[in-house]
Amino acid sequence: MDIRYMRLALTLAARGLGRCWPNPAVGCVLVRDGRIVGRGFTQPGGRPHAERVALAQAGDLARGATAYVTLEPCSHHGKTPPCAEGLIEAGVARVISALEDSDPRVAGRGHAMLRAAGIEVVTGVLAEEARAANLGFLLRVEQNRPLVTLKLASSFDGRIATATGESQWITGPEARRLVHAERAIHDAVLVGGGTARADDPGLTVRGLGVAHQPVRIVASRRLDLPQDGQLARTAREVPVWLLHGRDAAVADVQAWQSLGAETIEVEVAPNRELSVPALLQALAERGLTRVFCEGGGAFAASLLNAGLVDRLVGFTAGVALGAEGRPSLGAMGVERLAEAPRFALQESRAVGGDVMHVWHRVDKAD
């Protein structure tokens with residue numbers, strides 16, 4: 001029964017993905033006498049927290065109940081009182097927690113607070129699933145970077161366009177709809193400057209009836225981006241962040257700021273491109289936990305070379321474009337297979353006339 005209710009809590013937690021950063025997406029289920037009396041997930045903007053939502057729904061029925069929570073209840077005073085304190089005040093009898101929170105402001109203190117109040121605490125129920133669900137938040141806390149999902153949509157032979165640059169559309173409408181669904185569960189969508197110049201992308205979630213939008217980010221060292229495109233025209237409606245190097249023209253920086261975009265200077269690597277670790281750190285410091293990268297090829301290759309892609313989402317179409325077509329990845333300098341980034345297959349399925357495959361990173365130590 002603990003596993004059953006924790007799975008429900010994880011399902012609830014997923015509703016907050018892409019909407020609750022910088023906070024984790026947490027789910028909570030309150031059960032009393034075999035009946036669910038309250039349920040909640042972290043609300044948009046990160047508050048109220050899942051436990052507070054579930055407790056408000058349960059009211060007096062929370063007394064003597066068991067709380068199933070996907071991450072250790074917080075123990076610190078921020079903009080809201082600690083959730084551990086709320087569970088104690090409500091008279092909850094047991095707390096089943098999937099995972100200890102590695103945030104140094106919590107890090108076991110929430111569990112300790114509950115135990116000190118005489119509440120039975122069980123930890124580690126579906127811990128692996130809970131860590132995967134909140135990997136973005138945990139990476140921001142533990143490594144000062146967000147989770148990175150890299151999306152690649154290509155022909156059967158790994159091309160993203162013909163030799164003349166024609167690319168719309170290699171994959172079908174069903175695959176493109178899933179791309180929008182992926183955008184919706186990430187805090188931000190990230191592309192390189194080449195993609196922004198060539199495709200004039202909007203980078204918004206469309207066709208799903210979703211009210212919220214991810215932050216739209218472009219990484220461009222020189223900030224030489226069109227100031228009359230979709231991003232420029234809508235920067236005051238949906239946030240646009242521009243990552244650039246010190247050598248970006250002051251006039252361009254000021255022009256984008258006047259359009260409503262936020263400009264962020266980051267370190268330039270020895271290869272004269274933006275440092276991937278530095279740009280991800282800059283995003284983490286602004287609270288982002290999950291970033292969805294849509295290319296282009298050179299930028300995608302730099303993310304892979306840096307070993308900072310956690311998840312690959314590929315869409316492969318049943319069309320062949322040949323060696324003269326444009327490759328989905330830029331040069332990576334891989335000379336031996338042992339040097340290549342490795343990923344483990346998590347899922348593969350047909351999507352319309354295409355194939356979707358999802359991969360998770362395999363650490364070299366494994």
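This briefing describes a sheet and a pocket in one structure. The model is predicted: local features need pLDDT of at least 70, side-chain atom pairs count only at pLDDT 80 or more, and totals for chains, interfaces and linings use all residues. Residues are numbered from 1 along each chain as its sequence is written, and side-chain values use heavy atoms, with hydrogens and water left out.

- β15 runs antiparallel to β16 (residues 354-361), and eight bridges join the two strands.
- Serine 348 stands opposite histidine 357 in β16.

**The second largest pocket**

- A pocket is an open set of points on a 1 Å grid over the protein atoms alone, where a 1.4 Å probe fits, with protein on both sides within 12 Å along at least five of seven lines; lining residues have an atom within 4 Å of a point.
- The second largest pocket holds about 920 Å³ of space, a volume being the space filled by probe spheres set on the points.
- Its lining has 31 residues, and Ala132, Ala133, Arg311, Gln346 and His360 are the closest to the pocket's centre.
- Among the elements that each supply at least two lining residues are α1 (2-13), α7 (173-184), β15 and β16.
- The largest share of the lining, five residues, comes from the helix α5 (helices are DSSP runs of H or I, at least four residues).

Methods: Two strands pair if DSSP finds at least two bridges between them.
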